[in-house]
Amino acid sequence: MHMVDALLSPAVGGVMCAASLAADMYAVKAINKEELSEKKIPIMGVMGAFVFAAQMINFTIPMTGASGHIIGAILLAAVVGELPALLVTTAVIVIQCLFFADGGLLALGCNIINMGVVPCLIVFPYIFKPIVMKGMTLKRISVASILSSVIAVSLGAFCVVLETTISGISELPFSTFLLLMQPIHLVIGIVEGVVTASILCFVYRMRPEVMDTAIERAPLQSGIKIKSLLIVLIVITLLTGGLLSVIASSNPDGLEWSIEKTASGEAVETNYPFIEGTQKIQQSISPMPDYDSQTVNDASGPSVAAIIGGSLTFIVACLCPLIVSFFKKRKRLEVE
Amino acid sequence: MKENIRQIYALEQLSSGQTVVHRIHAMAKLITTLVYITTIVSFDRYSFFNLIPYLFYPTLLMALSETPYGILLSRLLVVLPFSLFAASASLLLERNSVFMFLGLKLSYGVVSFSVILFRSYLVVMALLLLVATTPFVGITDCMRRMKIPSIFIVVTELIYRFLSVIYDQTYSMYLAYSLRKQDTKGLALKDCGSFTGQLLLRSFERAGRIYTAMSLRGYMQKTEKTGLIKMTRGDFFYCTVSSLVFILLRLLAVDSFRSFIYGGFR
């Protein structure tokens, strides 16, 4: 479920980063000091390492050709509590991104929201907890685990579809993408639910105190309600989104805009002084002045120029490392 | 899992190199990578030629840091499927032809498909090169510099270090399991829950002992008071110049993109 940068627009990435940062700041503020005892910290570390390792194991989903992995956030929340679980999930996603390049850097916010905030702050407190709070039994733990995991994974997948569609990079229509994603993630959710249930049942039988402390934690001890946090998150999302869209609209380069202008045969004009300035610089330094849209008369002209220019750049870019390596090798041989 | 953990430590081993790229401050590399990725993803899905100049960054960085291409490529192949999935959709859904190339009629889908894959290649390579040239300490140092709460940094460090604990524990438990059940291959489904639960409980105890030993040796004090490595003028220079180049390439590309589409449509 890890999203990659290549399918994300900067606006969506930026908004999600801001929202996930707010959620994590809330978690840091709201965690009680006694929750971070000498015993709890290594458990958080081990659980994080376990989830990290579990996410590496991809299982193939029959008939789809796709593969999936468990998210593990519900398991984490059940063992360490929802707020520490959010921090651990964030740390896992950061490590995956910065040490394994799994999931993008700009997509960090999206991944934290989809795999951390949704299961830990929405599904766990509102689905898992109410079921097991009535009385902790193995049956209740199993039902809560399966239900929560299915909902958490499905909601996470829904968020992926939403973020990708809003980004507008992929051509997949929202409904088609949703229809492709949801059944796959329903299967992943069921597998995750069964795995979570079997692990939690075992842990509860052996060491009930591990789960009791996580479940019985009063969620409102910080004085901030999760509902308030969600409202804050929505406000941050709207504000950042609005701000980014204002910035983005000052530099339009959308395809529809171009097509509309070009299809009607009008010359494309710009009213942006900075872009005009950059165009002048580009024209003065460009080795192919005909590349300018204002002087295009021949249908194949600029495309061919673009192809030749692009190909040359590509070749030079590929040759550069070879030249650097050659000089490095020569220098090394001289030293030896 | 064994292979993945081996790959993580392989990348970490690469990060202990002594080349000019390794010597750049982690913060400078992180900011540069972020600007690089942001500028790349800010292009729309038909800007193929505008992305080509960005190829210089990963190729030069790879050569200067002496990072083997094979390791990066193997990681790249693991990360790419989702992009491939989205790119294939463009190939199928956008059939309007955009221009002729070498006698072939190319559709928007083909352009979009190539752009998604190319930009995926660029951003993943940039990220992998950041990982391969920056040691773990450098990243956590970055986090401290950004005033990220210490609990988060401690958890991040512990997760990374406890991966080996989980791996060792899994290996020894699995060895014991397979010796007891010689006739069965792999882990029986009915034993999965108890095996994993047992693995967690054992790892909790072992991690607790390790953490106590770390604390007794002043780990928490060290994390609070550790001296941050300062950025030099060279680091600032690298970060500023690279970022400016990326941004300039992005701004200058506006016109060329427009003329490319313009020409293609006529």
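Is Glu205(B) buried, partly exposed or exposed? Glu205(B) is partly exposed, at a relative accessible area of 47%. Here buried means under 20% relative accessible area, exposed means over 50%, and partly exposed lies in between (1.4 Å probe, protein chains only).

This is a predicted model, in which local features need pLDDT of at least 70, side-chain atom pairs count only at pLDDT 80 or more, and totals for chains, interfaces and linings use all residues. Residues are numbered from 1 along each chain as its sequence is written, chains are lettered from A and ligands numbered from 1 in the order in which they are written, and side-chain values use heavy atoms, with hydrogens and water left out.

**Chain A overview**

Chain A holds 12 helices and two strands. Helices (H or I, at least four residues) and strands (E, at least two) are DSSP runs, numbered from the N terminus. The order of elements from the N terminus is α-α-β-β-α-α-α-α-α-α-α-α-α-α. Of the 336 residues in chain A, 51% are buried. Take the contacts (heavy atoms within 4.5 Å) in chain A between residues at least 6 apart in sequence: 73% of them join residues at least 24 apart.

Phe326(A) sits in helix α12 (residues 301-335) of chain A. Phe326(A) is partly exposed, with a relative accessible area of 47%.

**Salt bridges**

Side chains of opposite charge can pair when their charged atoms come close. A salt bridge here is a side-chain nitrogen of Lys or Arg within 4 Å of a carboxyl oxygen of Asp or Glu. The whole structure has five salt bridges over all chains. The table includes three of them.

| Pair | N to O distance |
|---|---|
| Glu205(B) and Arg207(A) | 3.8 Å |
| Arg144(B) and Glu157(B) | 3.5 Å |
| Lys181(B) and Asp191(B) | 3.4 Å |

Glu205(B) and Arg207(A) form a salt bridge. This pair crosses between chains: Glu205(B) lies in helix α10 (residues 192-216) of chain B, and Arg207(A) lies in the loop between α7 (174-206) and α8 (208-215) of chain A. Arg207(A) is partly exposed, at 23%.

Arg144(B) and Glu157(B) also meet in a salt bridge. The partners are 13 residues apart, with Arg144(B) in helix α8 (residues 136-145) and Glu157(B) in helix α9 (residues 150-180) of chain B. Arg144(B) counts as buried at 17% relative accessibility. Glu157(B) counts as buried at 13%.

Lys181(B) bridges to Asp191(B). Both residues are in the loop between α9 and α10 of chain B, 10 residues apart. Lys181(B) is partly exposed at 29%, whereas Asp191(B) is buried at 13%. Salt bridges with shared partners join Lys181(B), Lys190(B) and Asp191(B) into one network.

**A helix pair in chain A**

Two packed helices are described by the angle between their axes and the distance between the axes. Helix α3 (residues 73-80) and helix α4 (residues 82-100) of chain A have axes that come within 7 Å and cross at roughly 135°. Axes are lines fitted to C-alpha atoms, for helices over the stretch in contact, and angles run from 0 to 180 degrees between N-to-C directions. α3(A) and α4(A) are therefore oblique to each other. Angles under 35 degrees count as roughly parallel, over 145 as roughly antiparallel, 65 to 115 as roughly perpendicular and the rest as oblique.

On the α3(A) side, the contact is made by Ala73(A), Leu76(A), Ala77(A) and Val80(A). On the α4(A) side, Glu82(A), Pro84(A), Ala85(A), Val88(A) and Thr89(A) take part.
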